[in-house]
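Please keep the sequence and the three-dimensional view at hand while reading.

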Amino acid sequence: MCIFCKIANNEIPSNPVLESEEFLAFHDLNPKAPVHILIIPKQHVDSFSEISGAMMERMTPFIHDVAKHVGIFESGYRLVTNSGENGGQEVKHLHFHLLGGARLKWGHFDDADPKDFF
Ligand code: 5GP
Ligand code: ZN
């Protein structure tokens, strides 16, 4: 069982923010912003490439609720999901990073330079 399945099953502790029957939001262990929350389906889904449109339709209002719950819905936020190897996905259980609480930079300093590929 993967690490986020264990968190969803309460087999390892997390710092939960909001929960529904189908989804769970908890604080990232290694925050990259004043607010950094991970949002997952409790049922294992490998990555964004595997989520159904129907599940995504249910997940969208849950993500909105999390952003409202932590008070960043109005001030703004960034929603990110890393998918697969080139996307830099480390945990192979779909998760959205919800980041906010400050004006976030939009830097690509760690990314590959597009000029190297064209
Ligand atoms: P990825 O690189 O897969 O998009 O992001 C994985 C994220 O999960 C990282 O931001 C990392 O800090 C977080 N993370 C990894 N293991 C744990 C854990 O056991 N608990 C929590 N709360 N976050 C974790
Ligand atoms: Zn899993």
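This is a predicted model: local features need pLDDT of at least 70, side-chain atom pairs count only at pLDDT 80 or more; totals for chains, interfaces and linings use all residues.

When residues up to four places away in sequence are not counted, Gly 101 touches Pro 34, Val 35 and Ile 72. Gly 101 and Gly 71 are 30 residues apart along the chain, and their C-alpha atoms are separated by 8.4 Å.

## The sheet

The model contains an open sheet of five strands, arranged in the order E1-E2-E3-E5-E4 with antiparallel pairing. Strand E1 (16-19) and strand E4 (77-80) form the edges, and each of them pairs on one side only. On average, and with direction ignored, neighbouring strands of this sheet are turned by 20° against each other.

Two pairings within the sheet may be followed in detail. E1 and E2 run antiparallel and are joined by three bridges; Pro 16 has Phe 26 in E2 as its bridge partner.

Which strands does helix H2 lie across? Helix H2, made up of residues 53-69, lies across E1, strand E2 (23-27), strand E3 (35-41), E4 and E5. The helix runs at about 155° to E3.

## The surroundings of ligand 1

There are 16 residues around ligand 1, and those that come nearest are Asp 28, Asn 82, Glu 90, His 95 and His 97. Three of these side chains can be described by a distance to the ligand. In the side chain of Asp 28, an N or O atom is 2.5 Å from an oxygen atom of ligand 1. For His 95, a side-chain N or O atom is 2.9 Å from an oxygen atom of the ligand. His 97 likewise has a polar side-chain atom that lies 2.9 Å from an oxygen atom of ligand 1. On its own, ligand 1 has 530 Å² of accessible area, of which the protein covers 84%.

## His 95 in its loop

His 95 belongs to the loop between helix H3 (84-87) and E5. Is this residue, His 95, buried or exposed? His 95 is buried, because its relative accessible area is 6%, and buried means under 20%.

A polar atom in the side chain of His 95 lies 2.7 Å from the backbone oxygen of His 93. Apart from its neighbours within four places in sequence, His 95 is in contact with Phe 4, Leu 38, Ile 39, Ile 40, Val 80, Thr 81 and Gln 89.

## Asn 10 in another loop

Asn 10 is found in the loop between helix H1 (3-8) and E1. Its relative accessible area is 68%, so Asn 10 is exposed, a class that begins over 50%. The phi angle of Asn 10 is near 60°, which is a positive value in a residue other than glycine.

Notes: Residues are numbered from 1 along each chain as its sequence is written. Chains are lettered from A and ligands numbered from 1 in the order in which they are written. Side-chain values use heavy atoms; hydrogens and water are left out. Two strands pair if DSSP finds at least two bridges between them. Helices (H or I, at least four residues) and strands (E, at least two) are DSSP runs, numbered from the N terminus. Axes are lines fitted to C-alpha atoms, for helices over the stretch in contact, and angles run from 0 to 180 degrees between N-to-C directions. Contact means heavy atoms within 4.5 Å. A residue is near a molecule or strand if one of its heavy atoms lies within 4 Å of it. A polar contact is a pair of N or O atoms within 3.5 Å; within protein, one must be able to donate a hydrogen and the other to accept it, and residues adjacent in sequence count only if both atoms are side-chain atoms. Accessible areas come from the Shrake-Rupley method with a 1.4 Å probe; for residues, only the protein chains shown count as cover. Buried means under 20% relative accessible area, exposed over 50%, partly exposed in between (1.4 Å probe, protein chains only).
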